[in-house]
Amino acid sequence: MKKVTVLLVICLFVVGMLAGCGGGDKKPAEKPAEKPAEKKVFVNIATGGTAGVYYPLGGALAEILNKNIPGMNASAQSTGASIANINLIKDGKVELALVQNDTAYYAATGTEMFKDKKVAELQGIATLYGEAIQVVAKADKNIKSISDLKGLRVGVGTIGSGTEANVRQILEVYGMTYKDIKPQYLSFAEAANGLKDGNVDVAFVTAGAPTAAVQDIAAQHKITLVPIPADKADALIKKYPFFAKITVKSTTYPGLAGDIPTVSVKAMLVTSSKVEADLVYKMTKAMYTNLNRIAVAHAQGANVKKENALEGMPIAVHAGADKYFKEK
């Protein structure tokens with residue numbers, strides 16, 4: 001009986017020791033807390049045709065965003081350019097788009113090709129580079145001023161195009177209308193051919209200089225570019241804020257007598273007011289701190305600079321971009 005009692009005491013003692021050491025009720029070790037999965041941010045960038053300037057610049061921008069913003073998944077897509085891109089912004093199908101600033105102005109104000117179709121949510125991030133308005137004529141026509149276009153056959157661009165609107169606006173500051181000229185609704189290529197064969201006296205070309213169509217004419221004929229002097233440019237900019245002054249250098253085309261003052265519209269980057277300010281701030285900062293990548297994407301990329309990012313800005317600047325540009 002004593003042996004049983006002693007054995008029972010020993011068993012109870014061992015069980016107590018195990019319990020004291022946490023033997024039977026030991027909790028499993030807690031796993032280290034897992035880091036929350038990185039939130040993905042998808043950004044679609046609307047550009048233009050694959051042979052144009054917008055597409056390589058958009059591709060470079062997508063690469064910059066992906067490398068510099070955590071969780072970013074940005075991609076550039078080929079589109080029908082300015083008008084199509086603004087509609088993609090309106091429909092919420094893209095977050096960023098490259099467009100001409102005059103087209104952005106028409107969309108934001110519901111004018112020209114956007115008459116009664118105002119895109120209220122369209123906002124600007126930055127203007128990028130200038131697309132010069134080149135008023136081209138053969139040198140033997142002796143055209144010195146826009147005022148000299150009265151009674152002449154003038155290539156004004158296709159009906160409803162941005163160029164055609166620009167011509168009307170420029171004529172306006174000279175007190176002229178289409179009634180004073182003989183408007184020819186021609187594409188750049190058609191106007192160039194018209195100049196060469198003598199069926200057109202002057203052609204308006206809105207494009208980055210040098211422009212292939214103008215180079216083609218200059219290779220066969222001595223040409224001149226009709227200037228738009230500073231006082232007329234200032235009057236134009238006062239009424240239409242998307243214009244900016246620009247100079248076409250004498251070395252741009254063979255035979256130019258000197259540098260030619262004119263005006264330009266600008267390629268620009270736009271977004272929607274519905275895109276979060278913090279995201280737009282990060283994207284703007286990433287682009288402007290990696291301009292070397294933009295510069296090698298296309299020759300026009302070298303003209304993208306922070307100091308002129310708001311020049312020719314015709315619409316409200318998005319709060320995120322505004323925050324970046326106001327930083328010291």
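This is a predicted model: local features need pLDDT of at least 70, side-chain atom pairs count only at pLDDT 80 or more; totals for chains, interfaces and linings use all residues.
What is the volume of the second largest cavity? It is about 30 Å³.

Residues are numbered from 1 along each chain as its sequence is written, and side-chain values use heavy atoms, with hydrogens and water left out.

Let me start with the strands and one helix. Helices (H or I, at least four residues) and strands (E, at least two) are DSSP runs, numbered from the N terminus. Strand 1 covers residues 41-46 and strand 2 covers residues 72-77; they pair in the parallel sense over 6 bridges. Two strands count as paired if DSSP finds at least two bridges between them. One of these bridges joins V41 to M72 in strand 2. Together with helix 2, residues 54-68, the two strands make a right-handed β-α-β unit. Right-handed here means that, with the strands pointing away from the viewer, the path from the first strand over the helix to the second runs clockwise.

Now the cavities. On a 1 Å grid over the protein atoms alone, a cavity is a set of points where a 1.4 Å probe fits but cannot get out, and lining residues have an atom within 4 Å of a point. Grid points are joined across faces, edges and corners, and a volume is the space filled by probe spheres set on the points. The structure holds 2 cavities of 30 Å³ or more.

For the classes, Ala, Val, Leu, Ile, Met, Phe, Trp, Tyr, Cys and Pro count as nonpolar, Asp, Glu, Lys and Arg as charged, and the others, Gly among them, as polar.

Back to the second largest cavity. Its lining residues are L61, L96, I125, L269, M283, T284 and M287. Helix 9, residues 277-288, gives the most here, with 3 residues. The lining divides into 6 nonpolar, 1 polar and no charged.

Last, the salt bridges. A salt bridge is a side-chain nitrogen of Lys or Arg within 4 Å of a carboxyl oxygen of Asp or Glu. The whole structure has 14 of them. For accessibility, buried means under 20% relative accessible area, exposed over 50%, and partly exposed in between (1.4 Å probe, protein chains only).

E63 and K67 form one, with the closest N and O atoms 3.5 Å apart. Being 4 residues apart in helix 2, they are separated by about one helical turn. E63 is partly exposed at 29%, whereas K67 is exposed at 65%. E63, K67 and R293 are linked in a network of salt bridges.

K141 and D201 meet at 3.2 Å, N to O. K141 lies in the loop between strand 4 (122-138) and strand 5 (153-155), and D201 in the loop between helix 6 (188-197) and strand 7 (202-207), so the pair ties together parts 60 residues apart in sequence. D201 is buried at 7%.

K196 and D216 meet at 2.5 Å, N to O. K196 is in helix 6 and D216 in helix 7 (residues 212-218), so this pair ties together parts 20 residues apart in sequence.

How values were computed:
On a 1 Å grid over the protein atoms alone, a cavity is a set of points where a 1.4 Å probe fits but cannot get out, and a pocket is an open set with protein on both sides within 12 Å along at least five of seven lines; lining residues have an atom within 4 Å of a point.
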